[in-house]
Each structure stands twice: as structure tokens, then as C-alpha cells.
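Trainee: I would like a close look at a single part of this model, please.

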Amino acid sequence: MVIREGRYRTPDRQAQILMREALKQKLKDCPVHVQRSEVEAMGVEMGLEGIEAARLFDRLKGVSWRGDYVRSDGGWVAAWVREVS
């Protein structure tokens, strides 16, 4: 995976496209509650590490999905998701 250096680590475009397609398959019934572990599992299927998948999912917010995170002290643990029209 190609990561650009800078303030934010940005996943490459191909990974974004793959994650967007995985989300479209997952989000047949919206809104849906998505666990972080499910996002990380989707990332593993794409060849990403769990944390990279979580970052990629976060970067797609507003582009491929809208919703709210369920947060804990360690970061987000789930998200209520609906597809962007």
C-alpha cells in the first residue's frame, strides 16, 4: 500500500475504491450498525492491517457513507452508517 507522508496518512486510491465497493456490498440495508471489527475484517480481506482499514473507513466518511461513531476511550468501536446518495 502506498502512504503519502504529511499531516495525515492517506491510503492509496485503489484501497479507497476497494473499501467503497466492500461498503456497498455490506450496506444493502441502511442505516446499519457496523462494528469496527467488521471494518477491520473487510480490510484484512483487502490485504490491509486492521488499523489501516479503520483509517480508510474514516477517510470515506462523507464520500461513501454518513453516520455517527460509537466511541470509547480507545477510539471508535462502531458506526451507525447510511449510504451517501
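Which residue of β3 does V34 stand opposite? Please describe the strand around V34 as well.

Mentor: This is a predicted model, in which local features need pLDDT of at least 70 and side-chain atom pairs count only at pLDDT 80 or more, while totals for chains, interfaces and linings use all residues. Residues are numbered from 1 along each chain as its sequence is written, and side-chain values use heavy atoms, with hydrogens and water left out.

V34 stands opposite A79 in β3. V34 belongs to the covered face of strand β1 (residues 32-35), together with V32; the uncovered face has H33 and Q35. Strands here are DSSP runs of E with at least two residues, and helices are runs of H or I with at least four, numbered from the N terminus. V32 stands opposite V81, also in β3.

β1 and β3 (residues 75-83) run antiparallel and are joined by four bridges. Two strands count as paired if DSSP finds at least two bridges between them. The open sheet has three strands in the order β1-β3-β2, with antiparallel pairing. Its edge strands are β1 and β2 (65-72), each of which pairs on one side only. On average, neighbouring strands of this sheet are turned by 25 degrees against each other, direction ignored.

Helix α2 (residues 36-46) lies across β1 and β3 and runs at about 70 degrees to β1. For such angles, axes are lines fitted to C-alpha atoms, for helices over the stretch in contact (heavy atoms within 4.5 Å), and the angles run from 0 to 180 degrees between N-to-C directions.

Key:
Buried means under 20% relative accessible area, exposed over 50%, partly exposed in between (1.4 Å probe, protein chains only).
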